[in-house]
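Visitor: Please show me the model, and let us go through the terms used to describe it.

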Amino acid sequence: MRTLFTPTIRLTTAGLIATAVAFGPARMGFGLFLPAFREEFALSTSMAGMIASSGFLAFLVALLASAWIGRRFGERVAVTTGAVAASIGFATVAAAGSSGILALGIALAGTSAGLCWAPFNDAAERVVPSEARATALSVVSTGTTFGVAAAAGLALAVTEGALDWRGAWIGFALSGLALAAIAQVGLPSSRGRKPTPEGSPDTRAAAGGLTRRAAIPLYGAALCFGITNAIFLSFAADRVVAAGGLPGLSDEVASVVIFLAYGMFGVLGLATGRIEARIGLAPLLCLIFTAAALSLMLIAVAPTSWIAVIAASGLHGAAIMMVSAVFSFWSVRLFPGRSTLGFTAALLCMAAGSVLGPALAGLLAAAQGPLPMFLAAATPPLATALWFGARLKRIQPSPS
């Protein structure tokens, strides 16, 4: 019985639930429930974009806060803060009577994604044996897929009239409270752990280490996948609907189908650590970025085919879950003792790509149309796959 409650199992379970809540309803919920929000609050496209941006901005700010809170007060406090913020944000959305209150709730919920993920890197270094860290961090990262699938299922129920959207968000709020309780058990206490003072030699050394040459491939991969992922999530559903939709489905359900497949196939991320141990980091990254490129190509050329749309969504879901796990354990290897700082830097690169990608893709789509845009968007991940295959083995750090 004791083996069921080892620190490693408690940590990975808490991490899986944390990313499920923070990157499921908190990160994807607004887009999934946008049809209901449009009807309830008479949202224009520009207003919807501003609300979505508020959640993204909150994520960026919370990323920076997470590193400071974790270093000052410990990982448990950072994750618990994120869980409470998610619950308050979800409840605010459920009770919203205006678009302004809705935006506030989305922003509060969005902070949880920045607070609840990166701290698990430092926590894993403290309680998980080195040989098990890649697998443990893969499980933590893949929690997203369960959260996305659950949120998509509820969004489908709302679309079909089986559930009121406010009831769904009350359920999300309860999940945030559950996460706060689980974090108290699953993450190690900061007792006996001395906070690192700002400006100390250790802090300056860690910050300097973030810019060393060995970290460049990590940041480049994060930037590229941020661009690729944001383009897929921003435009895939519109591409399907504009092309005529999926046979037998209303337009509103197309995005739900994409997110369901995205979440279901993302379960493959659980195996990331084992796959990397078997084939190596460079081949795995080649596979991940090739899958991302193929997902964009399929949406480009066959947006009304059930098989192509599900395959594209599944490939992209598996790719994002796997690459998230890779970024997590790669940061541990590159920045031992300060992996949350390194992981946060990688996530900031990914976030920058998420801002850059849709903006450029929107301009290209307006000028040339969606087909050339998606095919052009497939070029960076394909080029990245080739680059990693040719050069990464020479500079990647050895596994611990």
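Visitor: What is the handedness of the crossing of α11 and α15?

Guide: The crossing of α11 and α15 is left-handed, a term for a near helix turned anticlockwise from the far one by less than a right angle, clockwise being right-handed. This is a predicted model, in which local features need pLDDT of at least 70 and side-chain atom pairs count only at pLDDT 80 or more, while totals for chains, interfaces and linings use all residues. Residues are numbered from 1 along each chain as its sequence is written, and side-chain values use heavy atoms, with hydrogens and water left out.

Visitor: Why is α11 called roughly antiparallel to α15?

Guide: Helix α11 (residues 216–242) and helix α15 (residues 306–334) pack at about 155°, with axes 11 Å apart. Angles over 145 degrees count as roughly antiparallel, so α11 is roughly antiparallel to α15.

Visitor: Which residues of α11 meet α15?

Guide: Among them are F225, F232 and V240 in α11, and the α15 side includes F327 and W330; contact means heavy atoms within 4.5 Å. By class, the contact has 15 nonpolar, 5 polar and no charged residues.

Visitor: How many disulfides are there?

Guide: The count is 0, where a disulfide is a pair of cysteine sulfur atoms within 2.5 Å. The sulfur of C286 is 12 Å from the closest cysteine sulfur, in C224, so it is too far for a bond.

Definitions and conventions. Axes are lines fitted to C-alpha atoms, for helices over the stretch in contact, and angles run from 0 to 180 degrees between N-to-C directions. Helices (H or I, at least four residues) and strands (E, at least two) are DSSP runs, numbered from the N terminus. Angles under 35 degrees count as roughly parallel, over 145 as roughly antiparallel, 65 to 115 as roughly perpendicular and the rest as oblique. Ala, Val, Leu, Ile, Met, Phe, Trp, Tyr, Cys and Pro count as nonpolar, Asp, Glu, Lys and Arg as charged, and the others, Gly among them, as polar.
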